[in-house]
Amino acid sequence: MIRHMPVAALLAAAFALPALAAEIAPAERKSDYEFMGPQTRAMQDDDTANPGMLGVLDGEALWNARVGATGKSCADCHGDARESMKGVAARYPAFDPALGRPIDLEERINQSRVEQQKAAPFRFESNELLGLTAYIALQSRGIPIDVSDERLKPFIEAGREIFNRRQGQINLSCAQCHNDNWGQKLAGAPIPQGHPNGYPVYRLEWQSLGSLQRRLRNCLSGLRAELYPFGSSENVDLELYLMSRAQGLKIEAPAVRP
Amino acid sequence: MTARTLINVPAKARRGEVIEIKTLIAHPMETGYRVGLGGELIPRNIITTFVCNYNGEEIFRADFARAIAANPYLTFFTTATASGTIAFQWTGDNGFSASEEAPITVE
């Protein structure tokens, strides 16, 4: 196993491996929660200690707020989110037939806002969009990820291609860390498998909630690669591939991450 | 403007029991040392004081400083003495003020 090799051999292996490395077997998949220290886990486990829940409170207020030219709230159409939004986050990004491509939960919220409420879309990474996404994602807690819709296949493949492609000045692919070397350390911090089951997450380093797209851009920046713009097809394909790669893992949003 | 808060006080306790109180409040805790995209200094905006009163009597107080992270989380202990109200008050820069209350029944 690559993961149990000494450092020198490991480095040699990491740089010699072909672009397409072995994926994590379903039985070995575990949430990034499992790689965190006990204090950070305790924070996530207690809803009165998890700062992500402050965003959820914002989201709940927005869910019930009447806005836009139509004066409708989310609740006016969708009713009680605890019922209507159950399981929704576990199957996003989802295929949008009208657009002919997948859209993530954030884009879906903004789509409703523009088309149904006739209101201005929220900015990416705004407190409003993160809060509403967190509130909706919370309703899927404990529900396993399922992005098995056949129409998503080509987009998952596109995401897989990006995941396995070496990028940036560091010339590394996502797979080289998160498939080949999960469980090892990078500058003292554990390398997790890189699953998307807790987003939006409250990241302690950010001192705020953040989306999966922000996290992806953060990793690309670490590779000194060009960042995909928010809402770009590359980002959504990557999100979708990560969801397919985490198929069956339970949603734990809003998670706390270090 | 009221800030979002999350308070965790046990609803019931035995007289003399040591109880844990947890508070979390949404606040940017801007240090005053950072610069914006245009190079201008972002002014300090922090919570400066937190006070907890138990039936009107002060049981805990904290002074906050710039190095405390955003959305500060505080946890502390007290002895359950009587039924009543535990009140929380945060004050800070730019006239920031937020207060919360939690009832407690002591048997």
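## An exposed glutamate and its partner

A:Glu150 is exposed, at 56% relative accessible area. Here buried means under 20% relative accessible area, exposed over 50%, and partly exposed in between (1.4 Å probe, protein chains only). The side chain of A:Glu150 meets that of A:Lys153 in a salt bridge, 3.1 Å from N to O. A salt bridge is a side-chain nitrogen of Lys or Arg within 4 Å of a carboxyl oxygen of Asp or Glu. A:Lys153 is partly exposed, with a relative accessible area of 41%.

## Basis of the model

This is a predicted model, in which local features need pLDDT of at least 70, side-chain atom pairs count only at pLDDT 80 or more, and totals for chains, interfaces and linings use all residues. Residues are numbered from 1 along each chain as its sequence is written, chains are lettered from A and ligands numbered from 1 in the order in which they are written, and side-chain values use heavy atoms, with hydrogens and water left out.

## Salt bridges

Side chains of opposite charge can pair when their charged atoms come close. Over all chains, the search of the whole structure finds 17 salt bridges. One joins A:Glu205 and A:Arg203, at 3.1 Å from N to O. How accessible is A:Arg203, buried or exposed? A:Arg203 counts as buried, at 10% relative accessibility. A:Glu205 is exposed, at 55%.

In chain B, B:Arg61 forms a salt bridge with B:Glu58, and the closest N and O atoms are 3.0 Å apart. B:Arg61 is partly exposed, with a relative accessible area of 46%. B:Glu58 also counts as partly exposed, at 40%. Back in chain A, salt bridges link A:Glu23, A:Glu157 and A:Arg160 in a network.

## Where the chains meet

Chain A gives 13 residues to the contact, and chain B gives 13 residues. Contact means heavy atoms within 4.5 Å. Together the two chains bury about 1100 Å², with 61% of it on carbon and sulfur atoms. Buried area is the accessible area (1.4 Å probe) that two parts lose on being put together, summed over both.

The rule finds 2 salt bridges across it. In a salt bridge between the chains, the side chains of B:Lys22 and A:Asp46 meet at 2.6 Å, N to O. Between chain A and chain B, 5 residue pairs are in polar contact, both at pLDDT 80 or more. A polar contact is a pair of N or O atoms within 3.5 Å; within protein, one must be able to donate a hydrogen and the other to accept it, and residues adjacent in sequence count only if both atoms are side-chain atoms. On the side of chain A that touches chain B, α3(A) gives the largest share, 5 residues. That side divides into 7 nonpolar, 3 polar and 3 charged residues. Ala, Val, Leu, Ile, Met, Phe, Trp, Tyr, Cys and Pro count as nonpolar, Asp, Glu, Lys and Arg as charged, and the others, Gly among them, as polar.

A:Gly55 is found in helix α3, residues 52–63 of chain A. Helices (H or I, at least four residues) and strands (E, at least two) are DSSP runs, numbered from the N terminus. A:Gly55 is buried, with a relative accessible area of 9%. Leaving out residues up to four places away in sequence, A:Gly55 touches A:Gly131 and A:Leu209. A:Gly131 is 76 residues from A:Gly55 in sequence, yet their C-alpha atoms are 4.4 Å apart.

A:Ser31 is found in the loop between α1 (7–16) and α2 (38–45) of chain A. A:Ser31 is buried, at 7% relative accessible area.

## Chain B as a whole

Chain B has 0 helices and 8 strands. Its C-alpha atoms fill a box of roughly 60 × 20 × 20 Å, taken along the principal axes. Of the 107 residues in chain B, 41% are buried.
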